[in-house]
Each structure stands twice: as C-alpha cells, then as structure tokens.
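Subject: Handing over the structure

Hi,

Here is the structure I promised to pass on to you.

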Amino acid sequence: MKKKNVIDIMEMKKNNIKITMLTAYDHVMASILDEAGTDMLLVGDTMGMVVFGHQTTLKVTLEDSIRHTQAVAQGAKSALVIGDLPFGTFQVSPEEAVRNSVKLVQEGNAEAIKLEGGSERVTSIEKILDAGIPVMGHLGLTPQSYHKFGGFKVQARSEESARFILNEAKALEKAGIFALVLEAIPWEVAKKITEAISIPTIGIGAGPYCDGQVLVTYDMLGYFDFKAKFVKRYANIKDQILLAVQQYNKEVREKVFPDLTFSYEMPSSK
Ligand code: KIV
C-alpha cells in the first residue's frame, strides 16, 4: 500500500472522496488503524486525557508528543502521520514554533504537524511551511484554550462568531495549511466553511458536510463510559476487556489457567 502524503489528502477533496482520520498514540493501535485503511493518524494532544489521565490537554509536553509520534509512525505503512504541537510549544514565538515543528518531524517522524488557532498563528504557519513542513490547522473548540472558553463548549453559535470563524478559516487557507480540523461547531457553519475554502475540512462534532471526519479512537471504540453527543460508538471494547480480564482473574484464582497445554515441558518428558 502506497504511503499517503498531503498532496493525496488535498486531492481527495477535489475528487469528492471523504477523508478519514483517527487519533493514535501507540504502535499497536496505529498498526490496526493503518491496516483498516485510515487515511491519516493524528497523534493528538488528547493523549494527555486518554493516555495520562489528565482533565485537559494542557500538560502534554513536546517530549510526550515526539515519543508517541515515533511509536505511531512505526505502525503507519500507508496513513499520513500528523504530530500535534502541544500547549506552550508554538505560542511564544514563530521561531520556537518552527524549532519544535522540526523536532516533531526529525525526532518523532511526523509527516505534518497540527497546531490550534487562527489568524494569530499565520506568521508561525508561514515559517513552518518555509521549513518544508506541512501544517494542519484547528479551529472551533480548540482544547488548548480550555480556560479561555470556560470549559469544553460548542463554539461559533452566534452570527458574529460564525462570521469570525469563517474569516479565520480563509486566513489559514491563505497562509498555506493543507487541511483544517473543525471541532464542535454547528454543522451549518462547518458546511459554509467547507464550501468557502479549497483545502479539506476535517470535522469532529461539526456535522456531515466536512470533507473528512476525525474521532478520538478510544471514544469510537467505547473504552469510556462518557460519550459526547458527536461520538458514534463502533464497538464496546471496555465491556469486552472487562469480561476477558474478569475471566482471567477467575481462572488464575481457581487454578484453571494455565493448564499443561499452556506450559513448556522438558524434552525428556515427551
Ligand atoms: O488532540 C486531538 O486528538 C485532536 C482531535 C480531537 C482533533 O485535536
């Protein structure tokens, strides 16, 4: 299977082919998502919540992102691997944004980077692109602005904020991003943006009219009891893991596992 690149992803919008993206944080999961034909794997800073158990994404470091992107890249034979710039790694200066993007590519083996924010990020985006690194944008509910938003809240629900986000999307497109994540905004607003820009929009809680969709893999596989409105469950992995582990615990305690069929034997005992 041919390795996908950002040109392939941009072509998909032109050819009206929906794009799939899922989050991955480790090699095993990345290999499975890749084998299933997922177009892009995002090593999102949601790892802060999913892998490390934090309440927000704010504590993820560049080192965390690099290490997990390395692991995912090892498993991605065909999917495009996108590393996420964590909170604090690109906001201070465009120079720092470039330096940290280079690290994500050079050390983490990312093939593109994602950063949150709108027109205030244009200079950084242009400089990252100058370094030869493709950039994915992210507008709407940008979780790194958790405290500014007062929590995880649907964005762009007024006429004014809808107009604002549309202009932000146009500014990011002009800056040269190859794709744009739209998170938790009304579907009507996402549709308008998708029609107004030539690069693919990738929605999460942004309705059916985006050019592609992304979900946090652990959400769609049902690892958690909590489920946001926009998450469709494609499996109930938590229930299966619980059953399997309860059975294992029972069998070990009752001396059922392992029996001799799961044991090595001395050559002489044959
Ligand atoms: O960090 C992440 O996983 C994300 C997706 C939810 C889009 O930004």
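Predicted model: local features only at pLDDT ≥ 70, side-chain atom pairs only at ≥ 80, totals over all residues.

The protein chain is built from 11 helices and eight strands. Along the principal axes, its C-alpha atoms fill a box of roughly 75 × 40 × 35 Å. Of its 270 residues, 49% count as buried. The accessible surface of the chain comes to about 14400 Å², and carbon and sulfur atoms hold 56% of that. If you look at contacts with a separation of 6 or more, 58% of them link residues 24 or more positions apart.

Around the ligand you will find Thr23, Leu42, Gly44, Asp45, Thr46, Asp84, Lys114, His138, Val181 and Ile204. Sorted by class, this shell has three nonpolar, four polar and three charged residues. For Thr46, a polar side-chain atom lies 2.5 Å from an oxygen atom of the ligand. For Asp45, the corresponding distance from a polar side-chain atom to a ligand oxygen is 2.9 Å. For Asp84, an N or O atom in the side chain is 3.3 Å from an oxygen atom of the ligand. On its own the ligand has 260 Å² of accessible area, and the protein covers 98% of this.

Next, the strands. Strand β1 spans residues 19-23, and because four of these five residues are buried, the strand is largely enclosed by the rest of the structure. β1 has a parallel partner in β8 (residues 212-215), joined to it by four bridges, with Leu22 standing opposite Leu215. β1 also pairs in the parallel sense with β2 (residues 40-43), over three bridges. In that pairing Thr23 stands opposite Leu42, and both Thr23 and Leu42 are among the residues around the ligand.

Elsewhere, β4 (residues 112-114) and β5 run parallel and are joined by two bridges. Ile113 stands opposite Val135 of β5. Strand β5 covers residues 135-140, and six of its six residues are buried. The ligand shell draws on these stretches too, through Lys114 and His138.

Asp211 is found in the loop between β7 (201-204) and β8. Is Asp211 buried or exposed? Its relative accessibility is 13%, which is under the 20% cut-off, so Asp211 counts as buried. The side chain of Asp211 makes a polar contact with the side chain of Lys13, at 2.8 Å. Beyond its neighbours within four places in sequence, Asp211 is in contact with Lys13, Ile17, Lys18, Ile19, Thr194, Ile199, Pro200 and Thr201.

The other residue is Thr56, in the loop between α3 (47-50) and α4 (62-75). Thr56 counts as buried because its relative accessibility is 13%. A polar atom of the Thr56 side chain lies 3.2 Å from the backbone nitrogen of Leu58. With neighbours within four places in sequence left aside, Thr56 is in contact with Gly48, Met49, Tyr146 and Phe152.

Happy browsing, and do write back with any questions.

Best wishes

Technical notes: Residues numbered from 1 in each chain as written. Heavy atoms only, no water. Buried < 20%, exposed > 50% of the residue type's maximum accessible area, 1.4 Å probe, protein only. Polar contact = N/O pair within 3.5 Å; in protein donor to acceptor, adjacent residues only side chain to side chain. Contact = heavy atoms within 4.5 Å. Near = heavy atom within 4 Å. Areas by Shrake-Rupley, 256 points an atom, 1.4 Å probe, with all protein chains shown as cover. Nonpolar A, V, L, I, M, F, W, Y, C, P; charged D, E, K, R; others polar. Pairing = 2+ DSSP bridges.
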